[in-house]
Amino acid sequence: MRNGLFPSLARQNFRKNSKFYIPYILTIIGTVAGFYIICAIASDEGIYKLRGAQNVSQMMSLGLVVIGLFAVIFLLYTNSFLMKRRNKELALYNILGMEKRHIARVLCYEAFYVAFMGISGGLVCGILLHKLVTLILFKLLHFDVPFGFKVSSVGIEASLILFSVIIGVTLFFNLIRIGKAKPIELLKSTDAGEREPKSKWLLTLVGVLALGAGYYIALTTKTALKALELYFLAVFLVIIGTYCLFTSVSIVILKLLRKNRKIYYKTKYFIGISGMMYRMKQNAVGLANICILSTMVLVMVSGTLSLYLGTEETLKEYYPGQINLNVTINAESDRKFNDEVLKEKVKEIISKNRGEITRYQDYSYLAFTVGIGEGYFHTNIERRLGAEIMQVCFITEEDFKKLTGKEVNLKDNEILLFDTTGEKRDKVILKTGDYTFDFTVAEQLESFPSIGNLALYMVDKGYMVVKDEKVLYKIYEGQKSAYKDIANNIEWVAVIDTDLMEDIQVKCAVEISNLSSEDSIGEYKSFDVGTRAQGSVEIYALNGGFLFLGIFLGLIFIMATVLIIYYKQISEGYEDKSRFEIMQQVGLPKKEIRSSIHAQILIVFFAPLLVAAIHVAFDFKLMIKLLSLFALTNVKLTMLCTIITLLGFAVMYGFVYGLTARTYYKIVSTQ
């Protein structure tokens, strides 16, 4: 055969199968563009000069891994749709005289065209969009926007290698499939799976148990640290349960509907139920994929959006004041820490910089880690994965009044309690070393002001207000007897607001940090000074990076979801075409055909969305726990972000439904 015939056949195949190839190539273009942009940002040396850039680098590196894995799995998956639709065409080539090696050469040219158009188009789009995406990212991170335009050689090289390998692997599998298959098998492959599926009760049981276990973990996990440890196990169980239930329960439901004569023998239900029955195994996998991708989009976008919108709240947790002083007191020293002298020194420094203190609060607290027992806390902590621990913080009622203005009159054995786990307690028993404390909870608080740097500890916390310093120091002695040399000390904190600009606040903080025990402030173990102005850069870089990555990956997963739905409906449309032609020939009105089509597509479309919404509802409590690790405890904000994300996704979903229903109907109703 002439060498020019194979490229010509490949180009002709593109034109004939444009309905399948164009979305596939567009997906490659979008994925390549996304990968290039993330790689370009991650490898940009100019970003590393900015404060907080380390967080951005970590986010982008994570994004590269996720997009890379997604590209491998998804492009291999969508390639199977393409090859299934082309089985008859390739078999006809073989029957008409083309050898398999000739068909292989046609497939090689097609793979080359796909790679050229997909990768080059993706790189062009990525290069053009890189600057715009960088501007959006820097806006989210509150970074100064850089000028100039740069093409990333690292991004181009990495994209070329990764996607050339992926397309090469898909070609390899296609060649193996063609090499092993017989022409008759390829001609009949589109009719495979016509046997009525059996009710798979074992698979149903596995699905129910897996999904139930995942939901149980989400609903019963009490601590944030436990949530972090068990989150991916819960996700894995829900994924397994989703696949099993879509595969098995859907078949059981369809068979039950078929047994109901009042439903099954109505035209609009008969066509949909019988049509889905004979291909439910293939349908179920596609529906499960759509459901899982939808859940990922909803969780990622809603979680990262609430984290970003709650950044100011998080900042107040980490930095209650513009300038924050934290002194670790040396309780064993003869030269006691003198907070009054330090306060005067701070006033002098701020006054010297032409500023005034507009708010000043100081207090002392004791915080240490405890294990959670059955009805009590203890310091006999097991150093093992899964051990339930939390951070307890004690503060006197006098200092509590400074922070809140609330007057309290406690007895020696009474406390006020705020527990971030939300668990209600009438008593708090603390067993530490040689001491046992038995406190009665006089009041369980709904909230608690920020204390020191406790927000940095990524565990649940219990805040307790005790009567006075006598009780506070007794608790200190108790945990000292338990933890010995690694025991925590009492911390003194000052929260200061001024009328100064942020750069002058930072300058004052540096001068305050230069103070020492030689300035008559007594002895201490450590003296830290931080400003909200400096901390905001780090936190916005972290939260903004999460939001950027959540939205970016969400868009890619949405693209994947739309493509799976598109291919799925077109494939089923061609498979149903002959059936509907027969129904039209025997006199079935087109109106009833349209009605049955809509009923079937509604199930195919909105069942995954409904199940995804249920997954998100069960995941909500677990997500709240995880967000608390980032000092975000605003449940209302997270719920609002989740609802808005779900509604926005549902609108997009409905739009895709409208397009797909119209395409499906055109295919099955064409004479």
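Q: Which residue forms a salt bridge with Glu511, and how far apart are the closest N and O atoms?
A: Glu511 pairs with Lys352, the closest N and O atoms being 3.2 Å apart, where a salt bridge is a side-chain nitrogen of Lys or Arg within 4 Å of a carboxyl oxygen of Asp or Glu. Glu511 lies in helix α17 (residues 502-513) and Lys352 in helix α14 (residues 339-352), so the pair ties together parts that are 159 residues apart in sequence; helices are DSSP runs of H or I with at least four residues and strands are runs of E with at least two, numbered from the N terminus.

Q: Is this a predicted model, or what are we looking at, and which cut-offs apply?
A: This is a predicted model, in which local features need pLDDT of at least 70 and side-chain atom pairs count only at pLDDT 80 or more, while totals for chains, interfaces and linings use all residues. Residues are numbered from 1 along each chain as its sequence is written, and side-chain values use heavy atoms, with hydrogens and water left out.

Q: Back to that pair: is Glu511 buried or exposed? And Lys352?
A: Glu511 counts as buried at 18% relative accessibility, whereas Lys352 is exposed with a relative accessible area of 58%; buried means under 20% relative accessible area, exposed over 50%, and partly exposed in between (1.4 Å probe, protein chains only).

Q: How many salt bridges does the structure hold?
A: The structure holds 9 salt bridges, and one of them joins the side chains of Asp497 and Arg359 at 2.9 Å, N to O. Asp497 lies in strand β9 and Arg359 in strand β2 (residues 357-372), so this pair ties together parts that are 138 residues apart in sequence. Asp497 counts as buried at 15% relative accessibility, while Arg359 is partly exposed at 27%.

Q: New topic, helix α1: which of its residues are buried?
A: The buried residues of α1 are Phe6, Pro7, Leu9, Ala10, Asn13 and Phe14. Seen down the axis of α1, they fall within an arc of 160°, so they line one face of the helix, the arc being that of the directions from the helix axis to the C-beta atoms. On the other side of α1, Arg15 and Lys16 are exposed.
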